[in-house]
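Let us take a walk through a protein model together. Please have the sequence and the 3D view open, and turn the model as you read.

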Amino acid sequence: MTAQIIDGNAVAKQLRTEVAQRTAALKGKGITPGLAVILVGEDPASKVYVGKKVQACEEAGLHSVLERYDADLTEAALLARVEALNQDPSIHGILVQLPLPAHIDAHKVIESISPAKDVDGFHVASAGALMTGTPGFWSCTPYGCIKLLESTGIDLRGKHAVVIGRSNNVGKPMALMLLQKNATVTICHSATKDLKAHTLQADVIVAAVGRRDTLTADMVKPGAVVIDVGMNRNDQGKLCGDVDFANVKEVAGWITPVPGGVGPMTVTMLLVNTLEAAERVAAG
Ligand code: NAP
């Protein structure tokens, strides 16, 4: 069997077109969805990420503001900026790019964002909303994985999903979202004994570890859906995921490539969340 490729670029493009259409409709009512992105320091990867986020906003017609500060910005000054953005009616979403310099308590900063503007979905209120199945913002990367799964047309109800990884930003919310989609969910992590015994039972596998070749072909049930969140480098310095793509695609039914799978979805879901934040304001 050769797996069908889940094309993240195509799914992202479709969603961004829908965001642009809904944004235009909202502008007709006098509201332009606005995203504020705060970058503290000079981390090169962070600079690339925030640049992509701002560019994606512009392309979809959203208003965006990039605030850049030196690495010696005080925690108090950052908290004051977040509070000002909380009060700013032209801003519907606030994103503080992580990591922050060591002298700033990232948790405190994230918790200072108004939950109504927490479009990254990292606030405890957003995590609680996901856990209880109440309205909130789903964090962008796992939410993007759900959209990729939906693009296959496969109904997740009753499927056995195995999530490898339990981070607060990917693994745990991923598991909760799959649960909300009525999958039966197993979470694996570094202390899991016999990972293969779990993955071999899975109809859906989401790998979010950060180590290449974590999932190999002998660990996958024929026909399973494989979502690869990992971002690693191979020996040639090329971007690769957690999955041994070349061999797993011969066993799986569906698979995401790296690059071109989950990657394009993260920024896309940020646009979706920001638009939805503005639509909620418009709805009163
Ligand atoms: P993380 O915080 O480092 O978490 C990694 C998880 O993998 C941990 O829960 C860890 O278990 C688990 N793990 C480590 N070794 C394992 C093993 N041998 N078997 C099973 N589980 C193991 O990383 P993250 O933030 O979740 O990110 C995971 C990967 O996704 C990274 O490559 C990251 O770059 C990528 N990522 C991509 C995007 C995107 O947009 N494409 C977005 C976010 C993250 P313990 O909890 O026991 O330590």
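We will go from the domains to the pockets, then to the ligand, and end with some details of the backbone.

This is a predicted model, in which local features need pLDDT of at least 70, side-chain atom pairs count only at pLDDT 80 or more, and totals for chains, interfaces and linings use all residues. Residues are numbered from 1 along each chain as its sequence is written, and side-chain values use heavy atoms, with hydrogens and water left out.

Begin with the domains. The domain assignment gives domain 1 (30-115) and domain 2 (139-262); such bounds come from an automatic or database assignment. Taken over C-alpha atoms, the centres of domain 1 and domain 2 are 29 Å apart.

Now look for the largest pocket. A pocket is found on a 1 Å grid over the protein atoms alone, as an open set of points where a 1.4 Å probe fits, with protein on both sides within 12 Å along at least five of seven lines. The largest pocket holds about 1,300 Å³ of space; a volume here is the space filled by probe spheres set on the points, which are joined across faces, edges and corners. Its lining has 46 residues, and the closest to the pocket centre are Tyr49, Thr141, Met231, Gly263 and Thr266. A residue counts as lining if it has an atom within 4 Å of a point.

Where does the largest pocket lie? Domain 1 and domain 2 both give residues to its lining, so the pocket lies between them. Two or more lining residues come from each of α1 (8-28), α2 (44-60), β4 (93-96), α6 (140-151), β9 (232-233) and α10 (263-283). These names follow DSSP runs numbered from the N terminus: helices are H or I with at least four residues, and strands are E with at least two. With nine residues, α2 gives the most to this lining. Sorted by class, the lining has 23 nonpolar, 15 polar and eight charged residues. Here Ala, Val, Leu, Ile, Met, Phe, Trp, Tyr, Cys and Pro count as nonpolar, Asp, Glu, Lys and Arg as charged, and the others, Gly among them, as polar.

The second largest pocket has a volume of about 380 Å³. Among its 20 lining residues, Gly121, Phe122, Ala127, Asn168 and Asn169 are the closest to its centre. The helix α5 (124-132) gives the most to this lining, with six residues. Domain 1 and domain 2 each supply at least three residues of the lining.

Next, find the ligand. An N or O atom in the side chain of Ser167 is 2.5 Å from an oxygen atom of the ligand. For Thr266, a polar side-chain atom lies 2.7 Å from a ligand oxygen atom, while Met231 has a backbone N or O atom 3.0 Å from one. The protein covers 70% of the 930 Å² of accessible area that the ligand has on its own, with areas from the Shrake-Rupley method and a 1.4 Å probe.

Finally, follow the backbone. Most residues other than glycine have a negative phi, and most peptide bonds are trans. The bond from Leu98 to Pro99 is cis, with omega near 5°, and Pro99 lies in the loop between β4 and α4. The bond from Val258 to Pro259 is cis too, with omega near 0°. Asn182 is not a glycine, yet has a positive phi of about 70°; look for Asn182 in the loop between α7 and β6 (184-188).

Methods: Polar contact = N/O pair within 3.5 Å; in protein donor to acceptor, adjacent residues only side chain to side chain.
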